[in-house]
Amino acid sequence: MDIIVCVKQVPDVDDIKWTKENNLDRSMMLSKINKYDDWALNWALNIKSKFKDVKITVLSMGPKPACDILNYALAKGCDRAILLCDKMFAASDTLATSKILARAIEKYIPNYNIILTGQMAQDGDTAQVPVSLSQLLNIVDITNAIEIVNADKNIAIVKQKLEDKVNIYEARTPCLIAIKEEYPNVFYPKIEGYIKAQNKGIEEYCFEDLELQREDVGIIGSPTIVYKAFRPEINKKTTEIDKDCSDFILELVQRVEIE
Amino acid sequence: MKKLAIYVEKEGNTLIDASYELISKACELKAFAKSSKDMEIEVTAVLVSSAVDENDVKKAFLAGADNFILIKNDDFQVFNQMKYSSAFLSYFHENYHDYILFPATPTGRMIAPRVTTVLNTGLVADCTGLEFIIKDGLLKLASTRPTFGAELMATILSKQSPECATIRPKTFKADFRNTKIGTYKEFPCSIENNFDLILLDSTKDEAQKINFDTAKVIFSAGYGLYDGKDNIYIEKLYQITQKLNIGFALTRKLVDLGIKSSQYQIGQTGMTATPELYVAFGISGTIQHIAGMKNSKIIIAINNDENAEIFKYSDYKIVTDARAVIDDLFEKTGAYNQ
């Protein structure tokens, strides 16, 4: 059984640094694996721990430093790592990114059974790539997945949570599952894992390898453009009131409730 | 003339509110196009379903739709993203639209990327702002969305047509004051049977869904009330809200710590609430939380850190230990009698 896990390196959104001009200071921010993708890795490793002959390929698009998260994934127990790296890929939006990933999968990992991704990336928050990727590969997707109940070569049974509903789906493979919930048992990379990872190595492919069109990738291939970026503005008049405020609150509650 | 389509959704037998919100917003855009470029825009609500309630169609017209299209097949009783998106596309291929708006509901977000990927066009995710701008003489849809955990807002345009966005529910208000009755049409749609995905079971989540929509008042608990043990103040606050029959919410941090289930969570990744009165107890005001409550009419914040971010968004600021206020409220409301 072949599993692909798509991972992304993201800046630490809990530790955002700003330049004096109010721009994101990416050079000052630590990069790490997108949290949801790490959860997807753990779900994949769980399947591997239960069944024989499970092979996990971890796939990322990004600059060279993204090797860090691929090595991390190999050290955790993944079998193969692929980095899609080319300056032509820079500034790809969700559509261009999906096209690049889809092509790489078709070319280098064609016999997959299941693709696992995080539900979204912590920096972009769009949650669009998993869906767009499924459409390009013409496969079924189950997003908002909170549990992979069972998965084998042919069938995946997945719990999905949507606002107030829990659905259980049976999907025929190949399919894509986008993970929204942490796997209860975390797999930690071990030192031996990192040593093994060095031997496994990372395969690297560029724009030419993928035989894509220029107009499909990067800034040219991205139909969306950022017109402006700004920090949310606040202009509230705030009145400070006395510490002994419970009556004030209760009066307001009453007034609002009666209205 | 330009055409704007709104992908509307049903839950159970009725259209969800987000449908009307988007229709009314589209009418605002339409008015802008008329006044700034003397451009006519036709607004069409498009529903993929087996049936639609007549009253919902009327409501869509009142909200401002020029047309209502039902893409119809008995098989659409059960949601299936592959079937729904290909049904929408088969309609779209015969009826081109320049702009498509989708509600950023979980199901809307399963459909929209499939549609735009096939159309090879852009999609802006989960927007909280939408306007037309005139750029190089053209009317462009400018969609604004929070990014980087809502630390940054980005306004995004599409180079390609159709221009598409998913819009977070409750971002805009529905306005049922349109008087012109629109046109209703059905678009019968045949689809291939798709056995790749079978819904085995669907259950309502454990407890009832918290309805923040109807709550006029919400009391909300933050990490400042967390004590790592029995969290008595969070529980007391909860009891006060039960006594007063008002809404109770908490921040993501408390949900992550397992205090209560995520259905109580307000914020970027939780629910959005716009009550008349929002009282924040011991909430520091991460951007992620602010995103879910900043449109409340009156905001009161209680925090012992006078520099807490939340105060910037508050109408009333109270610098004190929120626990003392909770004790007071607990006494005064008689919540301890429960």
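Predicted model: local features only at pLDDT ≥ 70, side-chain atom pairs only at ≥ 80, totals over all residues.
User: How many residues of chain A are in contact with chain B?

Analyst: The size of an interface is often given as the accessible area lost when the parts come together. Here residues are counted instead, two being in contact if their C-beta atoms, placed from the backbone, lie within 7 Å. On that basis, 58 residues of chain A contact 62 residues of chain B.

User: Which strand of chain B is joined to β9(A)?

Analyst: Strands pair if DSSP finds at least two bridges between them. Strand β13 of chain B (residues 197-204) runs antiparallel to β9(A), with 7 bridges between them. Within this pairing, A:Val166 lies opposite B:Thr203.

User: What is the strand order of the sheet that includes this pair?

Analyst: The sheet is open, has 10 strands with mixed pairing, and is ordered β11(A)-β5(A)-β4(A)-β1(A)-β6(A)-β10(A)-β7(A)-β8(A)-β9(A)-β13(B). Because β11(A) and β13(B) stand at the edges with a single partner strand each, one side of each is left without a neighbour in the sheet. Further in, β7(A) and β8(A) are antiparallel and joined by 5 bridges, with A:Ala145 bridged to A:Gln160 in β8(A).

User: At what angle do α4(A) and α4(B) cross?

Analyst: Two packed helices are described by the angle between their axes and the distance between the axes. Axes are lines fitted to C-alpha atoms, for helices over the stretch in contact, and angles run from 0 to 180 degrees between N-to-C directions. The axes of α4(A) and α4(B) (residues 108-118) come within 8 Å and cross at roughly 50 degrees. That is why α4(A) is oblique to α4(B); under 35 degrees counts as roughly parallel, over 145 as roughly antiparallel, 65 to 115 as roughly perpendicular, and the rest as oblique.

User: Which residues make that helix contact?

Analyst: On α4(A) they are A:Val131, A:Ser132, A:Gln135 and A:Leu136, and on α4(B) they are B:Met110, B:Pro113, B:Arg114, B:Thr117 and B:Val118.

Note on methods:
Residues numbered from 1 in each chain as written. Chains lettered and ligands numbered in written order. Helix = DSSP H or I, 4+ residues; strand = E, 2+ residues; numbered from the N terminus.
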